[in-house]
Amino acid sequence: MTERRGSEPPRRRGGEPERDSPPRKSPSRRPAATDSGRSSSQRPADRGARPRKAAPQTSETRKAAPRTPDTRKAAPRKPDLRKAAPRKAVPADPRPRKTAVGDPRRAAKKAAASPRKAAGAGSARPALRRTGPDGRPLKAVAKKGVAKKAVAKKAAAPRKRPPQNRRPPVPRKPKPKRPPRTLKLGRPALRLRVTFGVMAFVLSLFAGRLILLQGVDPNSYALAATKENTKPFVLHASRGDIVDRNGVPLSVSDDAVAITADPSQTSKVAGDLAAILSPKLSGTTYDKLVATLSRKGRFVYVARQVSPQTWNQIDAAIKAQNNDRAKAKQPLLVGLYTEADPVRNHPNGTIAANVVGVVSAEGKGQSGLEQGLNDKLSGQDGKAMYEVDAKGNKIPNADHTVEEPKPGVGAQLTLDADLQWFAEKRIEQAVKQYKAESGAVVTMDVKSGEIVAMANYPTFDPNQPVKADALKNPALEQVYEPGSVQKVVTMAALADAGLISLDTKLKVPGGISVQRRTIRDHFDHGVLNLTIAGVIAKSSNVGTVIASQQMPIQDFVHYLKNFGFGEKTGLNFPGESRGLMPPGDEWSELTRSNVAFGQGLSANAVQMTAAVNAVANGGVYVPPKLVKNYVDANGNSIPNPSGASRRVVSESAAKQVSTMMEAVTAKGGTATQAAIPGYLVAGKTGTAQEVDSSCGCYRKWATSFAGFAPADNPRFVTYVVLQNPTNGRGGGFQGGPVFHDVMSYALQKYAVPPTGAKQPVVPLTW
């Protein structure tokens, strides 16, 4: 029981009201620590009410106030046999608290709120009494069976709780969502402001676009509009003609048209147009034409290089149908147009086809001189721009611009069409007779280096569709080991160096060993006593090797390069091969020996012709020439300059080798079939092994013959080669007859008279 001193007001315990105050409902109070054991029904209902503050007390009032004994008896606290429910967090008082120092009401409040602090540290917390409305303590109601025992027992000591520094945070209630703001339609001023803002923004966009179109870049948009309303038309330049040395046409351009279409107009009548076009045009079908005429876009090629006669027939058929359609009020057949598209024609068929080449459908050179001279022959296309209507038709008297095309330059070749035709027929016979894979004949003017014939077989007809493999020119593109014709160059180099002469005598065994390799002749024999002319006449490999061993290797390589081996001929022909020659000048002895008689290096037919021509021309090498003049659109001839000539051996050395070669076609030589009655003929046979690409081994052969006539005053040199003949093998009896016929034709065509010179007597043996 707590004593009161003087006039000290009674302290409230729990929810106990003051004694002097009238009875009232028990105010709500904060739950004490012991309330955690109560059920939710026993706890005060109003937690939000604040407890009434006690009057402030001082030390003086405590002494003056008399102590009145408390006559009330403490009701024994009924023990709670149930488990304590977990304490719920009490929301903090949102009102600010006064923090003034020394405030007695604050101290009383703290004492009332914390009984443990008021009682002092270490004292037991007193049990709180439950009182009624009149302030009197309520009697405990005992449960059945346990009431007497509960009264008899002493009041259970309250359970101590550990001190807590702070109360647990109270979870905040979620704030209710506010409804979305809506535009009040009843505010006309706001609507006007929004409307004017939107209009100002849109007008600013239009204003910016107008400034961009009229002020920033007006030219580009004007050009775009012009392109939209105009249609370009290509004006193809006429391609230059290719003619022979006498003006005979070999490749010319004929008038033709390209049929074009505007699919935006033809798509509606594609089937009817295709029915008219398909029977007239080759290389296409009805379905392809329908697909072409129905595709997207405003321009498409329907057919290229159509003859004017064919187009006239197509145009007449379309007009006839349009008359009937106009009466029946059906859609007209419109949308087809034509433009110039010259077609390349070869009036003489296969003559010089491998040399001249062909042109693609787009008008560009695809092979031969058509490809090599394409920049000169094709010229420069023109262009016309016409204003068109919505349907793509030209507007009469409307503005248009025309850029005239520049025609191409023609080319006059050094070839003779008649001699070319004869050479092609003769090599064709030889290839078929000896069942060879291919063959070539080259005839060159000795003094000028002009090629008057370059025949190949197989060949092709350029007026017909041709496969790409057949477009090659083997005379310039195919290389092979020349064989014994190479001995002409070897002997010329030795004679120029003063190592041999017509009086040179050699002992020639049946074979010679070079770096553990044995070199033999094409026929078996013992030791032969041969002159240097006999070595050439008998085409002895062993005799040639013995003679070549006198010259240093570096000097030998230098002579070969001067004769044009390992370098292109200068014709600038597409696909031309430079041949194959061992690099450097540090050859082995075996390499030098093999090259001396025509093995170990490769050349093409034109290279071999030019090398032999140097001997026929008195030791002066003349670069081959295939284009004689260029002809402009007005018919003026512009000479094509020739390459620079160079001396490779002396005139005396060339004369000695020429005399040695005359013995080849004379009695006892290897090519008597090449002799021409009334003319002195110098020649040399050749038979060489060829590498088969399928196995990488020597399994094929190349037989050849080279010669010139008249030998005492040469005019033409002719070279014949057969690739891999299977019906016999020998340059004398296979190439000799072809040389005889082609050379005889050339001498007669150009009226070269016989010199009447007799075959010189040159000893072959000693």
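Mentor: Take helix α14 (residues 417-433): its 17 residues should span 24 Å at 1.5 Å a residue, and its end C-alpha atoms are 24 Å apart, so the two values agree. The expected span is 1.5 Å times one less than the number of residues. Helices here are DSSP runs of H or I with at least four residues, strands are E runs of at least two, and both are numbered from the N terminus.

Residues are numbered from 1 along each chain as its sequence is written, and the model is predicted, with local features needing pLDDT of at least 70 and side-chain atom pairs counting only at pLDDT 80 or more. Totals for chains, interfaces and linings use all residues, while side-chain values use heavy atoms, leaving out hydrogens and water.

Leaving aside residues up to four places away in sequence, Ile 427 touches Gly 439, Ala 440, Val 441, Ala 455, Asn 456, Tyr 457, Val 720, Val 721 and Leu 722. In the largest nonpolar core, which has 124 residues, Ile 427 is one of those that touch the most other members, along with Ile 451, Met 454, Met 491, Phe 563, Phe 565 and Leu 626. Helix α21 (residues 605-616) gives the most to this core, nine residues. A nonpolar core is a set of buried Ala, Val, Leu, Ile, Met, Phe, Trp, Tyr and Cys residues joined through side-chain atoms within 4.5 Å. A second, separate core has 21 residues, including Ile 276, Leu 277, Leu 289 and Leu 333.

Gly 439, Ala 440 and Val 721 are among the residues that line the largest cavity, a space of about 50 Å³. A cavity is a set of points on a 1 Å grid over the protein atoms alone where a 1.4 Å probe fits but cannot get out, and lining residues have an atom within 4 Å of a point. β11 (438-445), α15 (474-477) and β23 (716-723) each supply at least two lining residues, and β11 gives the most, with three.

Technical notes:
1 Å grid on protein atoms, 1.4 Å probe; cavity = no way out; pocket = protein on both sides within 12 Å on 5 of 7 lines; lining within 4 Å. Points joined across faces, edges and corners; volume = space filled by probe spheres on them. Buried < 20%, exposed > 50% of the residue type's maximum accessible area, 1.4 Å probe, protein only. Contact = heavy atoms within 4.5 Å.
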